[in-house]
Amino acid sequence: MTTAERARQIAREQLEIAGHAEADVEAPSRQRSAWVVHARDGDTEFNVHINSASGRARLVQLS
């Protein structure tokens, strides 16, 4: 099971891979089966969805 700290670390890794290493990462929000981590890099916002069982992550650009 993924912890809040691990979810934040995974989110940072995903953002770095996508070229947004300097993004401001907020505290993870625990959902039913995933952690959601909101981040902002300048005017661009993201959510990183992390499956709490597998740790698999998906980066979603919001704006």
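Does Glu13 count as buried, partly exposed or exposed, and what is its relative accessibility? With a relative accessibility of 35%, Glu13 counts as partly exposed, because that class lies between the buried limit of under 20% and the exposed limit of over 50%. The model discussed here is predicted.

**Helix 1**

- The 14 residues of helix 1 should span 20 Å at 1.5 Å a residue, and the end C-alpha atoms are 20 Å apart, which agrees with that expectation.
- Four residues of this helix, Ala7, Ile10, Ala11 and Leu15, are buried.
- Viewed down the helix axis, the buried residues of helix 1 fall within an arc of 135 degrees, so they line one face of the helix.
- On the other side of helix 1, the residues Glu5, Glu16 and Ile17 are exposed.
- The buried residues of helix 1 are covered by parts of the structure that include strand 1 (24–25), strand 3, strand 4 and strand 5 (57–61).

**The paired strands**

- Strand 3 and strand 4 run antiparallel and are joined by eight bridges.
- Within this pairing, Val37 stands opposite Val48 in strand 4, and Arg40 has Glu45 as its bridge partner in strand 4.
- The hairpin of strand 3 and strand 4 has two residues between the strands, and Gly42 takes a positive phi near 65 degrees there.
- Strand 4 also pairs with strand 5 in the antiparallel sense, over five bridges, with Asn47 standing opposite Val60 in strand 5.
- Five residues lie between strand 4 and strand 5 in their hairpin, where Gly55 in the turn has a positive phi of about 80 degrees.
- Strand 1 pairs with strand 3 in the antiparallel sense over two bridges; Val25 has Ala39 as its bridge partner in strand 3.
- Strand 2 (residues 29–30) and strand 3 pair in the antiparallel sense over two bridges, and Arg30 stands opposite Trp35 in strand 3.
- The hairpin formed by strand 2 and strand 3 has three residues between the strands.
- Strand 3 is mostly covered, as six of its eight residues are buried.

**The largest nonpolar core**

- In soluble globular proteins, nonpolar side chains tend to be buried together.
- The largest nonpolar core in this model has 12 residues, among them Ala7, Leu15, Val25, Trp35, Phe46 and Ile50.
- Helix 1 (4–17), strand 3 (34–41) and strand 4 (44–51) each supply at least two residues of this core.
- The element that gives the most to the core is helix 1, with four residues.
- Leaving aside neighbours within four places in sequence, Ile50 is in contact with residues including Ala7, Ile10, Ala11, Trp35, Val37 and Ala57.

**Salt bridges**

- Side chains of opposite charge can pair when their charged atoms come close.
- Two salt bridges are found in a search of the whole structure.
- One of them links Glu13 with Arg6, and the closest N and O atoms are 3.7 Å apart.
- Arg6 has a relative accessible area of 35% and is therefore partly exposed.
- In another salt bridge, the side chains of Glu45 and Arg40 meet at 3.3 Å, N to O.
- Arg40 is likewise partly exposed, with a relative accessible area of 38%.

Conventions:
Residues numbered from 1 in each chain as written. Predicted model: local features only at pLDDT ≥ 70, side-chain atom pairs only at ≥ 80, totals over all residues. Heavy atoms only, no water. Core = buried A, V, L, I, M, F, W, Y, C linked by side-chain atoms within 4.5 Å. Buried < 20%, exposed > 50% of the residue type's maximum accessible area, 1.4 Å probe, protein only. Contact = heavy atoms within 4.5 Å. Expected span 1.5 Å × (residues − 1). Arc of directions from axis to C-beta. Salt bridge = Lys/Arg side-chain N within 4 Å of Asp/Glu carboxyl O. Pairing = 2+ DSSP bridges.
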